[in-house]
Amino acid sequence: MNKAEKSRKMSYKQRGLKQALPFLLPASILLFVFLIIPFFFAFYLSFTNTRLISPIPPRFVGFSNYVRMLGDDLFGKALLNNFYFVAIVVPLQTIFALFLAILVNQKIKGSTTFRTIYFLPTVTTMVVVAVIWTFLYHPEGTINAILSFITFGNWEPIDFLSTERIAFPTIMFLSIWQGVGFQMLIFLAGLQEIPESLYEAATIDGANKWKQFIYITLPQLKNTSIFVIISTTILAFKLFDQVYIMTSGGPNYSTYTVMLHIYNQGFRMQNVGYASSLTVIFFLIILGVSLIQRILLREEREVF
Amino acid sequence: MRQRSRKRMIIINRIISYILMIILAIFFLFPLLYMISVSLNPSEIDIVNQMSSIKGFIPTTISIENFKDVFDRMPFQRFLFNSVLIVGTTIIAGLIVNSMMAYGLARFSFKGRKMLVSIIVALIIIPFEAIAIPLLLITNKMGWLDSYQVQIIPFIANPLYIFLLYQFFINFPKDLEEAALIDGAGWFKIYWKIVLPLSRPVLASVAILHFLMQWGSFLWPLMVTRGYTYRPLTVAMQTFFGQAPIYWGDIMAFATMMTIPVIILFIFLQNQFVKSVATTGIK
């Protein structure tokens with residue numbers, strides 16, 4: 001055995017835990033302290049009456065935080081609002097994103113420039129987006145003027161963000177404006193993975209564009225679509241920045257969300273115990289959504 | 001004959017596509033252009049009076065007065081410094097720590113390696129929002145409230161980025177590393193001198209995703225910062241917006257200064273950007 005071979009053999013043996021540890025430790029420690037501990041701590045706190053700053057030591061209170069949640073009308077309202085947001089935004093944004101992706105995926109001059117433009121709102125921080133749209137939604141502002149123009153002056157200017165039934169759809173609109181570019185790119189990546197030969201074969205068979213879309217594009221995009229739908233749903237449950245800045249959950253809690261409720265309970269009112277129980281439920285919802293994704297994706301793979 | 005009608009179809013199709021793309025471009029660009037236009041309009045009266053007409057979009061006089069106002073009313077440079085410091089440190093530390101973990105998982109064999117990878121994948125599901133409140137309590141106990149480290153250290157390690165890098169390293173040829181090992185190079189030297197330089201594209205992707213997340217971060221700094229000292233741009237923007245009376249010119253100047261550098265950066269890094277977004281979809 002020559003020297004080189006010997007050290008090669010050594011190198012395989014050397015790759016043990018002892019050598020790996022220096023590489024693994026920094027991230028492991030950080031993840032443990034700032035992700036895993038807080039995660040399990042939330043479960044523990046949810047059974048106590050811990051407050052953020054309090055001279056009295058926290059007590060174990062069993063399930064009373066969860067019982068309290070059942071009678072918490074605001075939490076119910078917030079949860080319903082989140083589902084309302086998901087029900088409107090997820091289908092609209094997904095279809096819009098797919099439409100944009102197909103549009104800029106055409107091999108025509110300038111399509112890359114348009115792709116860039118459609119993506120700009122996503123690069124813009126939500127805080128800024130919320131401020132710009134508050135300006136546009138002003139009672140005497142641009143949106144009212146446009147609506148008045150296209151209805152030949154039959155539009156009564158409204159204060160979008162202070163009108164109970166309208167405030168939330170208004171926020172949904174700008175959320176789609178901001179978020180659709182991201183999903184467009186994911187669809188675009190999916191579109192580019194579809195083999196060209198499928199379309200060529202379909203064209204020879206005489207299938208028109210619409211048929212190609214229904215029988216080739218949509219089925220081929222199944223995994224991408226599931227990913228887009230699930231990630232949009234999770235983002236919709238996290239809804240916070242825009243409602244906090246534009247309406248603080250008002251008017252009359254019509255834009256109130258679970259994250260706003262967690263923030264108000266845990267931070268404003270310092271009820272860390274109760275907020276933690278809300279957090280646990282919030283996580284279980286996200287987990288449920290993710291599990292559905294797994295199940296749907298697995299079914300897909302078994303078929304093929 | 002048939003050939004000609006087909007050609008005409010293609011041309012019509014193209015014209016419709018362009019019309020649609022232009023209308024949509026206006027839809028996405030208009031709010032951003034309006035932000036810049038208002039920021040350059042020195043007359044607050046004009047801004048408010050002309051909001052509903054086309055005149056509002058094109059200011060009669062252009063000046064940078066609003067930008068000066070922002071600096072007079074608030075220490076903008078401080079917030080910018082805070083944001084750049086927080087985001088910059090997090091990304092650089094994140095690249096090192098996350099890639100080391102990914103490399104450790106991809107290149108070494110030890111008991112429990114597979115389980116560790118599974119744990120990382122499982123951790124991806126936990127959204128930050130679900131740990132914000134307990135993390136607030138923990139960092140408060142540590143005495144970290146209102147500081148830089150509370151906005152940096154918890155966000156360095158990230159299971160999603162570890163996983164993306166891990167997948168890259170797994171598919172990365174080992175030959176060069178083997179050669180270096182035979183030459184007697186240590187593991188850390190191999191990682192630092194060979195692996196990292198060859199991983200630039202994936203590192204750039206991860207850095208971009210990390211940047212987007214940290215730069216727009218709002219909920220956490222809202223909870224953990226008090227005064228101006230450690231506050232990032234997002235929370236400062238919201239405070240500025242909440243101060244009565246509302247001067248739209250100043251607000252839009254603030255928004256413009258916060259947005260334009262990022263948009264320019266994005267246009268430069270575009271291709272990498274598109275790739276990094278696409279990779280998150282592969283999960």
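## A walk through a two-chain model

Of the 195 residues that make up the largest nonpolar core, Tyr118(A), Met223(B), Trp248(B) and Phe254(B) touch the most other members. Keep in mind as you look around that this is a predicted model.

Let's begin with one of those four residues, Tyr118(A). Leaving aside residues up to four places away in sequence, Tyr118(A) touches Leu100(A), Leu103(A), Val104(A), Gly181(A) and Met184(A) in chain A. From chain B, Tyr118(A) meets Leu20(B), Met21(B), Leu24(B), Ala25(B) and Phe28(B).

Now step back to the annotations. In an unreviewed entry, UniProt places the feature "transmembrane region" at six stretches of chain A: residues 21-45, 83-104, 116-136, 166-189, 226-245 and 272-292. Two of these can be described further. Residues 83-104 of chain A are 100% helix and 0% strand, with end C-alpha atoms 31 Å apart. Residues 116-136 of chain A are 90% helix and 0% strand, and there the end C-alpha atoms lie 23 Å apart.

UniProt also lists "domain: ABC transmembrane type-1" (unreviewed entry) for residues 79-293 of chain A, and the annotation of that name in chain B covers residues 80-269 (unreviewed entry). The chain A span is 77% helix and 0% strand, and its end C-alpha atoms are 21 Å apart. For the chain B span, the figures are 73% helix and 0% strand, with the end C-alpha atoms 21 Å apart.

Next, the open spaces. The second largest pocket holds about 1800 Å³ of space. Its lining counts 33 residues, and those nearest the centre are Gln106(A), Tyr199(A), Lys209(A), Gln212(A) and Asn13(B). Both chains supply helices here: α4 (73-105), α8 (164-192), α9 (196-204) and α10 (209-220) of chain A, and α1 (2-39) of chain B, each give at least two residues to the lining. The biggest share, eleven residues, comes from α1(B). By type, the lining of this pocket has 15 nonpolar, eleven polar and seven charged residues.

Two or more lining residues come from each of α4 (76-107), α11 (200-215), α12 (219-224) and α13 (233-242) of chain B, with α4(B) giving the most, three residues. The cavity is lined by 13 residues, and Ile86(B), Gln151(B), Gln214(B), Ser217(B) and Pro232(B) lie nearest its centre. Eight of the lining residues are nonpolar, five are polar and none is charged.

Conventions:
Residues numbered from 1 in each chain as written. Chains lettered and ligands numbered in written order. Predicted model: local features only at pLDDT ≥ 70, side-chain atom pairs only at ≥ 80, totals over all residues. Heavy atoms only, no water. 1 Å grid on protein atoms, 1.4 Å probe; cavity = no way out; pocket = protein on both sides within 12 Å on 5 of 7 lines; lining within 4 Å. Points joined across faces, edges and corners; volume = space filled by probe spheres on them. Helix = DSSP H or I, 4+ residues; strand = E, 2+ residues; numbered from the N terminus. Nonpolar A, V, L, I, M, F, W, Y, C, P; charged D, E, K, R; others polar. Core = buried A, V, L, I, M, F, W, Y, C linked by side-chain atoms within 4.5 Å. Buried < 20%, exposed > 50% of the residue type's maximum accessible area, 1.4 Å probe, protein only. Contact = heavy atoms within 4.5 Å. UniProt positions renumbered as here; feature names shortened; annotations may be inferred.
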